[in-house]
2 protein chains.
Amino acid sequence: MEIERKFLLSEIPPTMRFARRVPIRQGYLALDGDTEVRLRITAKGAVLTIKSGRGGVRVEEEIALQSRQAEALWELTEGRRVQKTRRTVRLAGPATGPELHVEVDEYSGGLDGLVVAEVEFPDEASARGFEPPAWFGRELTDDWRYANRSLASDGMPAE
Amino acid sequence: MEIERKFLLSEIPPTMRFARRVPIRQGYLALDGDTEVRLRITAKGAVLTIKSGRGGVRVEEEIALQSRQAEALWELTEGRRVQKTRRTVRLAGPATGPELHVEVDEYSGGLDGLVVAEVEFPDEASARGFEPPAWFGRELTDDWRYANRSLASDGMPAE
């Protein structure tokens, strides 16, 4: 399972302006209790992810899709989509800790202006011990309104 | 899109007793409005079907899954499963019409005793013109309670 922490950014940090950008289209085919069925389409291909987030059974499975099939299924995500550009950078941290990467997602469309950083950790201990750099804003990890499925369904959270 | 009519049977017809049987496990990963995400596992393999049944956009896509992935996802279908044995026969009909096949599904588990026949048609006209043979019982085509997703979630309909 992924262990992640998520933070609000006020903008794309200047050092990342020219980092490689990956445009991502992501939509939800079905949201049913704790289970989500997500379609993500990038230039590298399309992936269907079925994920059950909470509760006793935790499952996350990814299935590669052919582009024709992905586009047919994309139709079913109408009204529950997000569009964003991802930049990934290595995080300069203490020399002793594990190497960490930050995914910075800049949303567009109805979520224009929203920028979020996500850090993935190899284990719980490094997630707990993580000291967010100064350019990170408020933590969003447990803020359900900023989950992609919420952003896709409900749009920008009111502050 | 499939054009099908569905009928209740009182039993497996004697002529089909020895027809080849295909055991089918089928469960629902997500049911969200008109969209269903179904997992079907047979000896021939596992297939994920994403289907949006009604409304303007009609989509049905099938995705073959590896067995490890199918079994992981199967965990998420708990409480929404049906188990049945399928026999397929050609239907002797008027010499002029299209050749038709009947799939006879004998349910087991909590739906023990339920036997349903499904006929698939190449077009609307042959579906409308179809004369059910004498061994077919009540038509279930528009009876939502007998849809597999309802049987899986709610069990045997009360008569």
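How do the residues of the lining of the largest pocket divide into nonpolar, polar and charged? I put that at the top of my page and came back to it once I had looked at how the two chains meet. A reminder to myself: this is a predicted model.

**Entry 1: the chain contact**

I began with the contact between the chains. I found 22 residues of chain B in contact with 22 residues of chain A. Together the two chains bury about 1,800 Å², and carbon and sulfur atoms account for 67% of that area. I then looked up who contributes on the chain B side: D32(B), E61(B) and L76(B) supply 28% of the area that chain B buries against chain A, more than any other three residues.

**Entry 2: charges and polar pairs across the contact**

I counted 4 salt bridges between chain B and chain A. I noted down a side-chain salt bridge between R80(B) and D32(A), with N to O at 2.9 Å.

Which elements of chain B give two or more residues to the side that touches chain A? I listed β2 (22–32), β3 (35–42), β4 (45–52), β5 (59–65) and α1 (67–74) of chain B. Of these, β5(B) gives the most, with 5 residues. Sorted by class, that side of chain B has 13 nonpolar, 3 polar and 6 charged residues.

**Entry 3: the largest pocket**

Back to my opening question. The largest pocket holds about 1,600 Å³ of space. Its lining has 49 residues, and E2(B), E4(B), R38(B), K51(B) and E118(B) are the closest to the centre.

The volume of the second largest pocket is about 1,200 Å³. I found 35 residues in its lining, with E2(A), E4(A), K51(A), E118(A) and T141(A) nearest the centre. Several elements of chain A give two or more residues to this lining, including β2 (22–32), β6 (81–91), β8 (115–121) and α3 (148–154). Which element gives the most to the lining of the second largest pocket? I wrote down β1(A), with 4 residues. By class, the lining has 8 nonpolar, 4 polar and 23 charged residues.

Note on methods:
Residues numbered from 1 in each chain as written. Chains lettered and ligands numbered in written order. Predicted model: local features only at pLDDT ≥ 70, side-chain atom pairs only at ≥ 80, totals over all residues. Heavy atoms only, no water. Contact = heavy atoms within 4.5 Å. Buried area = accessible area lost by both parts, 1.4 Å probe. Nonpolar A, V, L, I, M, F, W, Y, C, P; charged D, E, K, R; others polar. 1 Å grid on protein atoms, 1.4 Å probe; cavity = no way out; pocket = protein on both sides within 12 Å on 5 of 7 lines; lining within 4 Å. Points joined across faces, edges and corners; volume = space filled by probe spheres on them.
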